[in-house]
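Work through the exercises below with the structure in view. Try each task before reading its solution.

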Amino acid sequence: MKKYIVFSIIMISLVGILIYLNLPKKGLDEILVVPESHYILYEQDKTISMKYFSTKKDILDERMILSTFIYNADETIKFQIEAVYIDAYHNEQYQDKTYYGYELILTLPEIDATYLMDKLYIKINYNHDIYEFFVGTLYVEYPEQQANYIHWYGIEGIKDDLPRLFQIIVDVSLRTEIDSIYVGPDETPFHLGLDNIIIQVLSNDYLFNTTFVKIITSEGITYLPNFSYFVNYELLSARLHHNYVIY
């Protein structure tokens, strides 16, 4: 009798496995997320974006996003994001395939304080599936004053071999003695030319093409506003991206 019971259990298990294997499976798609250093001078309705690519068009639909959070590695800083939308970005050729580019754009919370998320994560509830993406770093500075003690009239950036800033050159009409310069949270080396300030940007692990600059003199602080120094159309070939599966 026991043999029949064991045989029946085995047969039922095998039938269950066959049924499971023949059930229709949810499709698996991949997106490539490019981590970025977000150095933001706070203002109302300021946004950051997560740049991502996929061989499938419209792989994410903003109407399916039920909730969104950003936080650091240990979640000691965590904010819910109320305004989220998706916009088209440029497409790229990578490994003989066409990848469609998009940006997940997030409006930052209204926080009247400076904060740093050294490791920045985004978690979205997407049609009741939870996805977590590593997207670089976020530094938001809340300025206590807005004054101009530097007579500047132009600004440009020089990038290195990867899509990252290497130098920032500020054109000035009047030479001013400077105590220190910050690019985002980092104090950076600089030297004064006859009609410019040449700022050496510290090395960075992520895509880095947009930042503000803070210049400190004996008179006070001058902020050079957030500025996009270049657009790079070959982000994937730089191999900075992280791969994620979307169900």
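**Exercise 1: A hairpin**

In the hairpin of β7 and β8, two residues lie between the strands, and glutamine 95 there takes a positive phi near 50 degrees. The model is predicted, so local features need pLDDT of at least 70 and side-chain atom pairs count only at pLDDT 80 or more, while totals for chains, interfaces and linings use all residues. Residues are numbered from 1 along each chain as its sequence is written, and side-chain values use heavy atoms, with hydrogens and water left out.

Task: find how β7 and β8 pair, and name the bridge partner of tyrosine 94.

Solution. 
- Strands (E, at least two residues), like helices (H or I, at least four residues), are DSSP runs numbered from the N terminus.
- Two strands pair if DSSP finds at least two bridges between them.
- Strand β7 covers residues 92-94 and pairs with β8 in the antiparallel sense over three bridges.
- The partner of tyrosine 94 in β8 is lysine 97.

**Exercise 2: Other partners of β8**

Task: state over how many bridges β3 pairs with β8, and over how many β6 does.

Solution. 
- β3 and β8 are antiparallel and pair over eight bridges.
- Isoleucine 48 is found opposite leucine 106 of β8.
- Strand β6 (residues 84-88) is also antiparallel to β8, with five bridges.
- Here aspartate 87 faces glutamate 103 of β8.

**Exercise 3: A salt bridge between strands**

Solution. 
- Side chains of opposite charge can pair when their charged atoms come close.
- A salt bridge is a side-chain nitrogen of Lys or Arg within 4 Å of a carboxyl oxygen of Asp or Glu.
- In the pair of lysine 51 and glutamate 103, the closest N and O atoms are 3.4 Å apart.
- Lysine 51 belongs to strand β3 (residues 47-54) and glutamate 103 to strand β8 (residues 97-107), so the bridge ties together parts 52 residues apart in sequence.
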